[in-house]
Amino acid sequence: MVFVELFYVFALIGVTSFGGMSMVPLINAQMISHGWMTSTEVLDIVAMAEMTPGSLGFNCATFAGLRVAGILGAIVANLGALAPTFTITCAACFFMKKFRDSRLLQEAMYGIRPVCIGLLVSTIAGMIDGTLIISGAFCWQSAVVVAAVSLLLWKTKFGIPAIIAIA
């Protein structure tokens, strides 16, 4: 049955790739090996997925599933692509709760927290060029928006969608 195959193929892609462009060769190989698409059709789907808001993997699964088996195929392909990540996340949550009092877990989290902060700072630093500094000049309008949003996040209980709408 095509739906089972679509789920399996995209679950396999989801578990063996790291998202983004690393999925494209796997999608290409699977679509061609199953006779669902030609290489040119896969390239068309990747181009559409790149132009569409959202993650490349999710969009590719949507378009490939749609092409192979209609709307239900798109849903099944997305469920397949998301299943590995969802399963791993649920397992991690289960083990985090089960071993929350473990000294080993506490020490691991003690080391992970600074790494996460460093990754966030690195991301923010990389985004400054093009937001606060545009064409080599400081953009005070962007700085005002950043300051206002930061203040709202810090002092209010507004959710992220509300903050985005305000910004």
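This is a predicted model: local features need pLDDT of at least 70, side-chain atom pairs count only at pLDDT 80 or more; totals for chains, interfaces and linings use all residues.
Q: What is the volume of the largest pocket?
A: The pocket in question is lined by Ile124, Met127, Ile128, Thr131, Leu132, Val146 and Ser150. The volume computed for this largest pocket is about 200 Å³.

Q: Which helix supplies the largest share of the lining of the largest pocket?
A: Two helices, spanning 103–128 and 140–155, each supply at least two residues of this lining. The largest share amounts to three residues, and the helix that provides them is H5.

Q: How many charged residues does the lining of the largest pocket have?
A: Among the lining residues are Ile124, Leu132 and Val146, together with Thr131 and Ser150. By class, the lining divides into five nonpolar and two polar residues, and the number of charged residues is none.

Q: Which helix gives the largest share of the lining of the second largest pocket?
A: The second largest pocket has a volume of about 160 Å³. Its lining comprises 13 residues, with Met23, Gly57, Phe58, Ala81 and Leu82 nearest the centre. Six residues of the lining, the largest share, come from the helix of residues 56–98, namely H4.

Q: Are H1 and H4 oblique or roughly parallel to each other?
A: The axes of H1 (residues 2–16) and H4 come within 7 Å and cross at roughly 45 degrees. Angles under 35 degrees would count as roughly parallel. The crossing angle of H1 and H4 therefore makes their arrangement oblique.

Q: Is the crossing of H1 and H4 right-handed or left-handed?
A: The axes of these two helices cross at roughly 45 degrees. Their contact involves 19 nonpolar residues, four polar and no charged ones. The handedness of the crossing of H1 and H4 is right-handed.

Q: Is H1 roughly antiparallel or roughly parallel to H2?
A: The axes of H1 and H2 (residues 24–33) come within 10 Å and cross at roughly 155 degrees. Angles over 145 degrees count as roughly antiparallel. The orientation of H1 to H2 is therefore roughly antiparallel.

Q: Which residues in H2 meet H1?
A: The crossing of H1 and H2 is right-handed. The contact holds seven nonpolar residues, two polar and no charged ones. On the H1 side stand Val9, Phe10, Leu12, Ile13 and Thr16, and the residues they meet in H2 are Leu26, Ile27, Gln30 and Met31.

Note on methods. Residues are numbered from 1 along each chain as its sequence is written. Side-chain values use heavy atoms; hydrogens and water are left out. On a 1 Å grid over the protein atoms alone, a cavity is a set of points where a 1.4 Å probe fits but cannot get out, and a pocket is an open set with protein on both sides within 12 Å along at least five of seven lines; lining residues have an atom within 4 Å of a point. Grid points are joined across faces, edges and corners, and a volume is the space filled by probe spheres set on the points. Helices (H or I, at least four residues) and strands (E, at least two) are DSSP runs, numbered from the N terminus. Ala, Val, Leu, Ile, Met, Phe, Trp, Tyr, Cys and Pro count as nonpolar, Asp, Glu, Lys and Arg as charged, and the others, Gly among them, as polar. Axes are lines fitted to C-alpha atoms, for helices over the stretch in contact, and angles run from 0 to 180 degrees between N-to-C directions. Angles under 35 degrees count as roughly parallel, over 145 as roughly antiparallel, 65 to 115 as roughly perpendicular and the rest as oblique. A crossing is left-handed if the near helix is turned anticlockwise from the far one by less than a right angle, and right-handed if clockwise. Contact means heavy atoms within 4.5 Å.
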